[in-house]
Amino acid sequence: MDYSEKWGNSVDEAVALALKDLKLTIDEVDVEVLEEPTKGILGLGRKPGLVRVTKKGATAEKTDGDAA
């Protein structure tokens, strides 16, 4: 597996989960923030953040939304 996408209450938490999943260190990967987490009002409307962590030198599969 060359990449991992993870949700977390913060970007750092999501990155840490992805690094654990890939068994790599931060120096060995590229991090892309797909969705920033939001706090909401009084905890209501809170959304976690989403990151894609890709092993350096690897290319993630293109999705329909990616340019050719």
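Here is a short tour of the structure, stop by stop.

Before you click anything, know that this is a predicted model, where local features need pLDDT of at least 70, side-chain atom pairs count only at pLDDT 80 or more, and totals for chains, interfaces and linings use all residues. Residues are numbered from 1 along each chain as its sequence is written, and side-chain values use heavy atoms, with hydrogens and water left out.

**Stop 1: R52**

Select R52, in strand β3 (residues 49-55). Helices (H or I, at least four residues) and strands (E, at least two) are DSSP runs, numbered from the N terminus. Is R52 buried or exposed? R52 is buried, with a relative accessible area of 15%; buried means under 20%, exposed over 50%, and partly exposed in between (1.4 Å probe, protein chains only).

E5 is partly exposed, at 35%.

With all three selected, you're looking at a salt-bridge network of E5, E32 and R52.

**Stop 2: K47 and E35**

Select K47 and E35, whose side chains form a salt bridge at 3.8 Å, N to O. K47 lies in the loop between β2 and β3 and E35 in strand β2, so the pair ties together parts 12 residues apart in sequence. The whole structure has four salt bridges.

**Stop 3: the core**

Which residues make up the largest nonpolar core? Select A14, V15, A18, L19, L22, L24, V29, V51 and V53, nine residues in all. Such a core is a set of buried Ala, Val, Leu, Ile, Met, Phe, Trp, Tyr and Cys residues joined through side-chain atoms within 4.5 Å. Five residues, the largest share, come from α1.

Zoom in on V53. Leaving aside neighbours within four places in sequence, V53 is in contact (heavy atoms within 4.5 Å) with residues including Y3, L19 and V29.

**Stop 4: V33**

Finish with V33, in strand β2 (residues 29-35). V33 counts as partly exposed, at 36% relative accessibility.
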